[in-house]
Amino acid sequence: MSIAKLTWINVTKDLRLEWRSRDVFNSMMFFALVVVVVFSFSFEKEDSRPVMGGLIWIAFLFSTTMALNQSWARELRNGVLDAYRVSPAPAEALFLGKCLGNFILVMLLECLMAPLFVVFYNLSTVGPLWQLLLVAVLGTWALVVNGTFFAAMSIRTRNRELMLPLLLLPISLPAVISMVGGTTQVLSGEGSPAVQLKFLAGFCVIFTTACFLLFDTVLNAE
Amino acid sequence: MKTKLFFAFAAFCCVFLAYGTYQGLVVAPTEETMGNVQRIFYVHVPAATVGFSMFFVNFLASVFYLWKRSAKADALAATTAEVGVVFCTVVLITGPIWARYAWGTWWSTWDMRLNTTLMLWLLYVSYLMMRRSSTAGSTSVLAAALAVFAFLDVPIVYMANRWFKTHHPPPMIGTSNLDPSMQHILFINMLAFLCFGLLIGWFRYEMERTAQKIDAAHIQRAAGGAAGMMLIPAMFFMSPGHVAPISYLWAGYLAAWGIYVAYLLFLMNKLARLKKEAAELGA
């Protein structure tokens with residue numbers, strides 16, 4: 001079977017599992033909602049625009065972490081991960097499948113949460129909207145690709161779920177900084193996020209490559 | 001032979017460091033605008049050089065480990081990460097002490113150079129935590145993979161000074177902004193601290209090898225810099241109004257040396273524990 005076919009099988013399997021149980025998605029959704037509501041009480045509506053970029057990404061970053069932990073924890077039950085390791089299917093297909101599955105999940109969450117941000121913070125963009133979409137897509141991919149990799153790493157440690165944020169947050173900090181900066185610039189219309197977009201694109205390329213090169217090693221680390 | 005060589009090198013480092021510090025504190029010309037406080041430069045920049053070099057060696061050792069799976073490379077990676085974190089801690093503590101005097105603020109939140117250095121420190125602390133908490137068999141491989149990722153951040157840190165507008169003074173070596181006599185003394189200090197870093201690294205490496213040999217997986221690998229971070233609260237007792245500028249200089253030097261000494265004490269303590277353990281095992 002080709003890598004594309006195997007990847008597709010992994011993606012559909014993950015999404016079907018999620019569709020049937022909706023464990024992860026419901027908790028992600030609820031968590032993001034609580035963050036939005038709590039912050040809407042904590043800030044004055046009038047001056048929230050400069051902090052909105054940070055706020056939006058905090059909500060998505062932490063809900064993504066929830067999804068990432070679950071995506072590998074699921075494979076530990078019944079020794080599914082061990083079965084993967086002995087199967088002749090390339091590890092890259094498994095990794096890409098997981099990444100795409102998580103990416104779809106997080107993008108869906110972002111689409112559903114966007115109206116809530118508009119309602120709670122009376123939000124509108126001053127800069128062009130397509131730039132915001134681009135920041136969202138690139139930023140989400142940066143988070144998801146690193147996150148899937150480090151989740152695979154952290155389930156191999158003793159304190160599984162605790163380890164993921166400790167590894168993921170420092171690695172993704174450059175991306176988070178430019179995501180927040182880019183979002184704030186589009187929302188406030190002050191300056192163009194071109195530098196941030198280039199930086200994010202570069203970050204995605206570099207780290208996606210690194211993840212693909214090292215995933216096999218991490219999966220089979222003994 | 002090895003022990004003799006080690007002590008000879010240690011003695012050499014002591015003399016060299018004393019000479020470098022004397023040059024930095026006494027011989028170097030006083031800077032026009034910042035006065036004596038500028039002398040923190042002679043511990044801050046060398047510490048950064050050593051820290052970054054250590055992280056570079058860590059990356060090379062990790063790649064080599066992934067390739068050849070040699071236990072020595074793994075020990076070298078663990079050593080350089082820890083020593084690098086100690087030197088990076090010195091950079092992060094002496095920097096704000098100087099900045100408090102020069103800029104009037106400890107930290108400049110949106111300064112890429114400061115943020116990226118802090119990021120680097122966080123990355124290698126998380127690396128050390130990873131080494132501690134991973135399950136025995138897989139530590140080396142996972143840590144090596146993480147080290148490759150962490151090092152991808154180093155070029156960003158290095159270039160941040162050139163790409164982004166920052167408050168941090170630009171690189172000055174070889175430019176006309178730096179007085180030749182200052183540059184000369186900076187080089188002396190850089191070399192002295194590189195020797196010092198090598199010395200600590202050597203010491204720590206031998207310990208790591210011993211630990212590997214007696215397979216003491218339960219030995220705690222605490223982040224070396226953590227002890228030094230206790231010095232931070234002391235900084236808040238200083239505010240620019242009623243503190244003589246020279247205090248910043250002393251604070252910087254004390255903080256730097258406090259961290260180095262604390263780390264050496266930590267290593268001594270660890271060595272004593274290792275020896276005890278080796279004796280119990282009859283190794």
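1. A residue is called buried here when its relative accessible area is under 20%, exposed when that value is over 50%, and partly exposed in between. The model is a predicted one, and the points below should be read with that in mind.

2. Over all chains, the count of salt bridges comes to eight. In chain B, B:Glu82 and B:Arg204 form one of these through their side chains, with an N to O distance of 2.9 Å. Because B:Glu82 belongs to helix α3 (residues 71-102) of chain B and B:Arg204 to helix α6 (residues 180-213) of chain B, the pair ties together parts that lie 122 residues apart in sequence. By the cut-off given above, B:Glu82 and B:Arg204 are both buried.

3. In chain A, a network of salt bridges links A:Lys13, A:Asp14, A:Glu75 and A:Lys98. Within this group, A:Lys98 is bridged to A:Asp14, the closest N and O atoms being 3.1 Å apart. This pair connects distant parts of the chain, since A:Lys98 sits in helix α5 (residues 91-121) of chain A and A:Asp14 in helix α1 (residues 3-21) of chain A, 84 residues apart. A:Lys98 and A:Asp14 are buried.

4. A:Asp14 also forms a salt bridge with A:Lys13, for which the closest N and O atoms are 3.4 Å apart. Why does A:Lys13 count as partly exposed? Its relative accessibility is 24%, a value that falls between the cut-offs of 20% and 50%, whereas A:Asp14 has a relative accessible area of 8% and is therefore buried.

Notes: Residues are numbered from 1 along each chain as its sequence is written. Chains are lettered from A and ligands numbered from 1 in the order in which they are written. This is a predicted model: local features need pLDDT of at least 70, side-chain atom pairs count only at pLDDT 80 or more; totals for chains, interfaces and linings use all residues. Side-chain values use heavy atoms; hydrogens and water are left out. A salt bridge is a side-chain nitrogen of Lys or Arg within 4 Å of a carboxyl oxygen of Asp or Glu. Buried means under 20% relative accessible area, exposed over 50%, partly exposed in between (1.4 Å probe, protein chains only). Helices (H or I, at least four residues) and strands (E, at least two) are DSSP runs, numbered from the N terminus.
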